[in-house]
Amino acid sequence: MENSPSHTNAPYTLLPEDPSPTRPPARFRRPLKVFAATVASVVFLMSLVGLIINQSPGTPARSDHRRSDPLASKATSFSEDEGRLPTGVSQGVSAKSYPSVRNRLSYNWTNAMFSFQRTAYHFQPEKNWMNDPDGPLFHMGWYHLFYQYNPDSAVWGNITWGHAVSRDLIHWFYLPLAMVPDRSFDAGGVWTGSATLLPDGRIMVLYTGDTEQSIQVQNLAYPANLSDPLLLDWVKYPGNPVIAPPAGIEPDEFRDPSTAWMGPDGTWRVLIGTKVNDTGMALIYQTSNFTTYEAAAGVLHAVNGTGMWECVDFYPVSTDSSEGLDTSAVGPGVKHVLKASLDDLKLDYYAIGTYDPISDTWTPDDPEADVGIGLQVDYGRYYASKSFFDQNTGRRILLGWTNETDADYDDLAKGWASVQTIPRVVTFDNKTGANIIEWPVEEVESLRLNSTEFDGILVEAGSVVALDIGMATQLDVSVEFEIEGSDALEALEETEAEIECATAQNRTTLGPFGLLVLADESLSELTPIYFHIAKSTNGSLTTLFCADETRSSKASEVFRQVYGGSVPVLDDEKHTMRLLVDHSIVESFAQGGRTVITSRVYPTEAIYRAAKLFLFNNATGVNVTASLEIWQMNSAFIHPFPLEEM
């Protein structure tokens, strides 16, 4: 049905100033030159250094405007009395808490506020801590999700492999733990890993174990019974570990094996993330049986200044179709995506390039947009993503983890922490030829209930338009914006020296304009998701897609930031976005999924029936029209599997 919106033509001071200290906006970092690196032994490491020096003339200094992140640097808004590292750092992994273990709540939360934060259709465990997705696969009619899990607490530690299954990637059944840290080679934790499906039907899982000596090693596990659709029981290979850190690599900087792929010589390859000094890299190992491995002579790829690479992912995409490809696919019409989770920044970066299966090297199409200095998988709270080829539907599916941005004590009080994003289908963007497309799996649309349509709403410069849809806590929103005046872009005269996502209050001729989600009626709390069009000093136009969390909560000590990145908008395209709103998480997709932002928000006022949805236009020079279709979303069925009924 179609509804009439409510217009508010007052000045845009309706969106009050953020009372908390100003936080740095999301920015673009200038690219670095690319160089190769290799490592296998101390002698070989020395030759690697020489190779780097010889092949990287004039590598520019990294720009000093990295975005601030609570897990990457100590937050100054908190007292210094804790004096402790964030959870996980002392154990040799990336920080898992914000900003560190605290001795009080960050806000006077009520039970209603905590209950609201629990999502309705995103996967999360019944209780306790969760982080990276592990070894996703499809087997005998079931999708399997393994994940880093602490069965004892809502903070990181005692990491095991949680396990859940689904018929459709949306409704999930919890299963018993798949693997626990019970051997010398994983006594410190069963850490991140990947699954490989062999042509004969066997399933091989490689995972990082933290040993009794705090050394990161790679271990092999496999199902005890392949005929079991639920894969309830797992066997750890008695000869573990199968890969130990090579000479020249720190023992706590060698982790997260990738899904394996088969080379033209019939042997399998697997990647492991590491670094040498500040050079992040993906080491490559070969195996014919998954029990014995040989290090390749070089590395698949390395990038200076990017630091430790975690959760490396490497997969092919078709340039000719939207079909997904098996991980071993090579040949004409195939590009390869290399993705690394940067430990220093807590961000997932990727680049598209060409893989040479003979030399086992990968070269980015655009060296100035290499891994760690170019495109991000997601520009918000999103990390440790992992893809798999779904042989059931012929799709490449991506899963990712979004952490909490409140405090440890908050999570302990509510009894859980972290959410998995809705699985996304990944394809190559044939229109731009320069990026991937990420789009929610179509199965999420099965949760759609009643819809409301708005057609051609005028949103004047400096105005807010209320959308009468009722409660706005579980939504699937599609919106199309059109800028009034065909010559508006060409007539833009003001330029910006640095193109970046600033707060939604930063008014310019052509923006920002977009949606206000999880906003209360008085707009005392709100989360703007928006486009901002800017002209650089050289005259080129850039469209930014942004999410502003700075006024999303009155809980001032919750970490809130402006996120975003550029998004290509082609000449014949309107500005489009799709939002999945689910209580404390908002997933935002611009231009069909070219740029994606995941936000975590913790409103204190805009909860349940007090949560509203608005259009806004904070431009000074143009009006926009908006057409929307908005679905209320049902809750997913996420419960323990009834094993007693089997």
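Strand 15 is joined to strand 16 (residues 334–342) by eight bridges, and the two run antiparallel; strands (E, at least two residues) and helices (H or I, at least four residues) are DSSP runs numbered from the N terminus, and two strands pair if DSSP finds at least two bridges between them. This is a predicted model, in which local features need pLDDT of at least 70 and side-chain atom pairs count only at pLDDT 80 or more, while totals for chains, interfaces and linings use all residues. Residues are numbered from 1 along each chain as its sequence is written, and side-chain values use heavy atoms, with hydrogens and water left out.

Strand 15 (residues 309–318) is mostly covered, with 10 of its 10 residues buried, where buried means under 20% relative accessible area, exposed over 50% and partly exposed in between (1.4 Å probe, protein chains only). Cys311 is buried, with a relative accessible area of 2%.

Another antiparallel arrangement is an open sheet of four strands in the order 6-7-8-9. Strand 6 (189–197) and strand 9 (234–236) are at its edges and have a single partner strand each, so one side of each is left without a neighbour in the sheet. From one strand to the next, the twist averages 30°, with axes taken as lines fitted to C-alpha atoms (for helices over the stretch in contact) and angles running from 0 to 180 degrees between N-to-C directions.

| Residue | Bridge partner | Strand of the partner |
|---|---|---|
| Asp313 | Lys339 | strand 16 |
| Leu206 | Leu220 | strand 8 |

One disulfide (a pair of cysteine sulfur atoms within 2.5 Å) is found in a search of the whole structure. The sulfur atoms of Cys501 and Cys546 are 2.1 Å apart, and the torsion about their S-S bond is about -75°, so the disulfide is left-handed. Cys501 lies in the loop between helix 4 (488–491) and strand 29 (513–519) and Cys546 in strand 31 (residues 541–548), so the pair ties together parts that are 45 residues apart in sequence. Both Cys501 and Cys546 are buried.
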